[in-house]
Amino acid sequence: MPSLLIITPNYAPLICGVGHHSQVLAGRLRQRGWTVSILTKRTHGWCLLQEGAAEQPMGKQLQKAILQSLPHIPANTKLLWQYAPNGFSNKGMPVFLIALMLRLRLQGIRQYIFFHEIAMRTLGYGSRQMLLSMVQKWLANKMNVLANASATSIALYQQYCWLYKPIIIPAGSNFQLPQQPQAPIVSEGLRCCCFTNRCSYALLQAFAQWLVENPAHQVILIGQANPVQTAQIQQWLAALHLQSSVQCLGALPATDMMDQLLLSDIVLQWQPRTANGQGGVSAKNGTIAAAMQAGKPIISIAGDMTETTYFRHGQTCWLLQEDSPQAWLDALQELGSKASLRQQLGHAAQTCYQQYMSDTVLTDQFEQLLNT
C-alpha cells in the first residue's frame, strides 16, 4: 500500500487555501488506497495527523518534527511539501529547508513539492520586494533540484530555468457538487456570487450603477475574510448605499458554499493585476474551479498568470483587462442582458473543468507525480 506524508503549515480546521488543498488531496488519495499522514503547524508546534488517530505533538522545530514522525509512519513513505514561503517562514525566506531536504534525501527519503506560491516580481515593487523575490526564486530552484519531482498550478513558474521543470496540475475545486440539485431562486433580478476576499471597490461601484437598470439584482458575498478586509467592505457598502442589495454570509461549510454558487446567475472574482499586466486569475484559484465545476458564467481579471488552456475570454469565462468600475459594469451589462451567453459560458466552463480539473484527472496526475 503506498504511503505519503504531506507537510503543510496550514491545515483543517484552519481555513486556508493551501491547507484545504492538502485536505482534499489527502481524501482523494485515501480513496485510492494510499495511507496519508499530515504534518502541520498548530499554535503549540508541529503535529502529526493520521486517519483514525489523535493528533500527536512533534515539537516546535520542523526538522525535529519530521524526524520524530518517521517512526510513526510506514517505511518507504514519500514526502510531499505543500510549499508557500510565508508558511514556513514569517519573512518568506525559509532557507533552512535546503539543508533539511538534503538531509532527508541522504536518508533515502523520496520528496516531492507542490509549489503554491513564490514571489516572482523583481522590478517595479521596491528594493525590499526585489530582494525577497530573488531569495525566494533561488530557494525554489535549490529545493526543486533536491526533489524527485515537482508540480505547480501556476504555468508561469515553468518559465524559470529550473533543472527539473515542475509539471502543471490545477488546484481543482475546493468543494463537491451536492447529490440533490438545487431548486432555483425565483427573483426579478440576477443573483451574483462573489467571494469576500475577492471583492474590490471597483466591482461594487459597478454593481451600484447596474442596480439603476434593475434594483432587484443582488450580490452574495461568501467565504471568510480577515477583519481588515471585512471592515473595508462594510465601509464600501455604506459609502455606496448597498447594504440592502449585498448579503455578507461569511464563512460557510463547504457544502453551503457550493450551494450558493449553484444558486447564482453569475460568479464575480476579482484578482490582483498590475498596470503592466502582472497577476490575474489562474489555475491556483480553487474557488474559480468550484464555479467552473458548478457550470456558472465567471467574470474575472486576466493577467500574465492566466492560462489560456482554462481561461479563454468569451469562451470559458469573461475576462477584464483592468479592475475599473466601467470594465466591471460593461461585463455585468453584457452578461446580464444575455441569458444565452451566460448559459454558453457556464457550459463551456463546466466542460473545461471536467476535462482538466475533475477529481479523477487531478488524482491521476498526482499519482503520476508521486510515482516519478
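Pro-13 is located in the loop that lies between strand 1 and helix 1. In this predicted model, the peptide bond leading from Ala-12 into Pro-13 adopts the cis form, with omega near 10°. The elements on either side of this loop are described in turn below.

Strand 1 is largely enclosed by the rest of the structure, because 6 of its 6 residues are buried. A residue is counted as buried when its relative accessible area is under 20%. The side chains of the strand are divided between two directions: Ser-3, Leu-5 and Ile-7 point one way, whereas Leu-4, Ile-6 and Thr-8 point the other way. Both sets are buried.

Strand 1 is paired with two other strands. It runs parallel to strand 2, to which it is joined by 6 bridges; within this pairing, Ile-6 stands opposite Ile-38. Strand 5 also runs parallel to strand 1, and here 4 bridges join the two. Lys-78 of strand 5 is the bridge partner of Leu-4.

Helix 1 spans residues 17-31 and thus comprises 15 residues. The distance from its first C-alpha to its last is 21 Å, close to the 21 Å expected at 1.5 Å a residue. The buried residues of this helix are Val-18, Gly-19, His-21, Ser-22, Val-24, Leu-25, Ala-26, Arg-28 and Leu-29. In an α-helix there are 3.6 residues a turn, so residues three or four places apart point the same way. The buried residues of helix 1 pack against several strands, namely strand 1 (3-8), strand 2 (35-42), strand 5 (78-83) and strand 6 (111-115), and also against helix 12 (359-370). Both strands that pair with strand 1, strand 2 and strand 5, are therefore among the elements packed against the buried residues of helix 1. Just after the helix, Gly-33 takes a positive phi of about 95°.

Technical notes:
Residues numbered from 1 in each chain as written. Predicted model: local features only at pLDDT ≥ 70, side-chain atom pairs only at ≥ 80, totals over all residues. Heavy atoms only, no water. Expected span 1.5 Å × (residues − 1). Buried < 20%, exposed > 50% of the residue type's maximum accessible area, 1.4 Å probe, protein only. Contact = heavy atoms within 4.5 Å. Pairing = 2+ DSSP bridges.
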